[in-house]
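Dear colleague,

Please read them with the structure open.

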Amino acid sequence: MDYQRFFDEAIDQLHAERRYRVFADLERKVGSFPTAIWRANGEARDITVWCSNDYLGMGQHPDVVAAMQRAAGQMGSGAGGTRNISGTNHPLVELELELADLHAKEAALVFTSGFVSNEAAISTIARLLPDCLILSDELNHASMIEGVRRSGAEKKIFRHNDVAHLESLLQAAGRERAKLIVFESVYSMDGDIAPIEAIADLADKYNAMTYIDEVHAVGMYGARGGGITERDGLAHRIDVIEGTLAKAFGTLGGYITGTRSVIDAVRSYAPGFIFTTALPPAIASAAVTSIRHLKGSQGERDAQQRQAQRTKDVLGEASLPVMPSETHIVPVLVGDPELCKMASDRLLGKHGIYIQPINYPTVPRGTERLRITPTPFHSDELIETLKEALMETWQALGIPFRDATTQPQVEKTHRVIPLVVSKSGG
């Protein structure tokens, strides 16, 4: 059997569907965020990054960098093994205390990534609940979908942010059956926000547990950066709040917070936690520093929101198809995978602007887009430069502009993560 043929065909299919991913060789430069060095074809040039999830630039904050360097110098570069084998390094203990405090929960548990925290926590919680029914928003992240799959529990998908549909599913399940509602606060591709209070009301009414993913909101919203649940005074009504250290906090890792019993159960039963090397002390120390800073500083959040709104206004006034967004996410609709890739390539090669194309399966076919994430460090001058570059690119490639009297409408459908095994496979 020619094993390599199957892998070649799988890659060929991605090329044929215009959704083969290419990673840019970028080197971020401390002190000049959002500038980076782009290396290609033996050359290096400065470019401006417009799609980083380091939303507040905390990955290059002097205190955060210093904390990482100090901890590495004192405790080494690695954790030495799983927490069961090597113990828990002290910065990690401090980190979990900070996270529990951030969300006003009894306890927290840190994982090596946000993907792992969702996959491990959702699957473990649902497995431990007898005959659990999982109710999942149709636009939940791939990590949440994977957690639902691995749980082995029955699932029902409710239409995106559709409270009436969710209630009909809860009502059909009955109050006595164990139920877990899993959803996000900020949906990162569209920039919209879940009706958290209404979902919490339904959970109370039908005796369900709630699990919210706040990865695109922690650090960004709330008086101390606790996310949308803190901003809206709803953290106490959500059973499990999950977040990441890799976006607004500028480091690496994922986590969950909740009651001591829930957190201890996940700690004790989740293979994705038990059998994985712990987060290194240098990263944990940097994360603690970032969280403590953002608990006490509103300046980064205010500046970021201001520049995000200005970006929306400037691009919208230029009739670029900015999709409606309630948050710091600024999606610009292209609607075609090949044009989306061409636009990204032209922006980088001609204008020195890096915005990665977002294609299927991350978003539904026909809604391909550029996802722009302004930070406090994207100045008004950079925003004007971005506008001019986008307008030139749209004109050069023949991408439709938005009619001044309308807004682009995008149908939102359930994300499917396909496994391609051959050219004839689905």
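In what follows, buried means under 20% relative accessible area, exposed means over 50%, and partly exposed covers what lies in between (1.4 Å probe, protein chains only). Please keep in mind that this is a predicted model, in which local features need pLDDT of at least 70 and side-chain atom pairs count only at pLDDT 80 or more, while totals for chains, interfaces and linings use all residues. Residues are numbered from 1 along each chain as its sequence is written, and side-chain values use heavy atoms, with hydrogens and water left out.

A search of the whole structure gives 32 salt bridges, a salt bridge being a side-chain nitrogen of Lys or Arg within 4 Å of a carboxyl oxygen of Asp or Glu.

In one of them R39 pairs with E27, with 2.6 Å between the closest N and O atoms; R39 belongs to strand 2 (residues 35-40) and E27 to strand 1 (residues 25-28), twelve residues apart. Strands (E, at least two residues) and helices (H or I, at least four) are DSSP runs, numbered from the N terminus. R39 is partly exposed at 37% relative accessibility, and E27 is partly exposed at 35%.

E119 and R150 also form a salt bridge, at 3.4 Å from N to O. Because E119 sits in helix 5 (residues 114-128) and R150 in helix 6 (residues 142-151), this pair ties together parts 31 residues apart in sequence. Here E119 is buried, at 15% relative accessibility, whereas R150 is exposed, at 51%.

Finally, a network of salt bridges links E94, E98, D101, R224, E230, R292 and K295.
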